[in-house]
Amino acid sequence: MLLKSTTRHIRIFAAEMEKDELVPSNHVLTLDVDPDNEFNWNEDTLQKVYRKFDELVEASSGVDLTDYNLRRIGSDLEHFLRSLLQKGEISYNLSSRVTNYSMGLPQVASNANK
């Protein structure tokens, strides 16, 4: 059985990719970040997400691989993405097929702040 955690912007699978297919695994987690391209990313920020993922997985080492544990990691990563958006390290992709501002309204600098 394939264990997975799916949030709006984070998908985690207890599986390996083989020939463009997910093969269930009890030892490998596969991360899919922002599958709908809702955000604009640079490589450094994307690497921050992967490092945070590794950190969360490491903190869970020795714990049984369950739906709950995967959902907890996915939820923590979702909160991490929100913090990146609030700091301005990522931004909404206005060319995305759906612009729904799921992490909150975009920050717009007012003339008073200039």
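In this predicted model, Thr30 belongs to strand β5, which spans residues 30-33. Thr30 has a relative accessible area of 18% and is therefore buried, the cut-off for that class being under 20%. Its side chain comes to 2.4 Å from the backbone oxygen of Ala15. Not counting residues up to four places away in sequence, Thr30 touches Arg11, Ile12, Phe13, Ala15, Glu16 and Met17.

Ile12 leads from Thr30 to the nonpolar core. The largest such core holds 21 residues, and Ile10, Ile12, Leu31, Val49 and Leu77 touch the most other members. Two or more residues come from each of β2 (10-13), β5, α1 and α2 (67-87). The greatest contribution is that of α2, with seven residues. With neighbours within four places in sequence left aside, the contacts of Ile12 include Leu29, Thr30 and Leu31. Ile12 also meets Leu3, Lys4 and Ser5, as well as Phe53, Leu70, Ile73, Gly74 and Leu77.

Confidence across the chain has a mean pLDDT of 87, and 90% of the residues reach 70 or more. The table gives the elements at the two ends of the confidence range.

| Element | Residues | Mean pLDDT |
|---|---|---|
| Strand β7 (lowest) | residues 91-92 | 89 |
| Helix α1 (highest) | residues 43-59 | 96 |

Terms used:
Residues are numbered from 1 along each chain as its sequence is written. This is a predicted model: local features need pLDDT of at least 70, side-chain atom pairs count only at pLDDT 80 or more; totals for chains, interfaces and linings use all residues. Side-chain values use heavy atoms; hydrogens and water are left out. Helices (H or I, at least four residues) and strands (E, at least two) are DSSP runs, numbered from the N terminus. Buried means under 20% relative accessible area, exposed over 50%, partly exposed in between (1.4 Å probe, protein chains only). A polar contact is a pair of N or O atoms within 3.5 Å; within protein, one must be able to donate a hydrogen and the other to accept it, and residues adjacent in sequence count only if both atoms are side-chain atoms. Contact means heavy atoms within 4.5 Å. pLDDT is the predictor's confidence in each residue, from 0 to 100. A nonpolar core is a set of buried Ala, Val, Leu, Ile, Met, Phe, Trp, Tyr and Cys residues joined through side-chain atoms within 4.5 Å.
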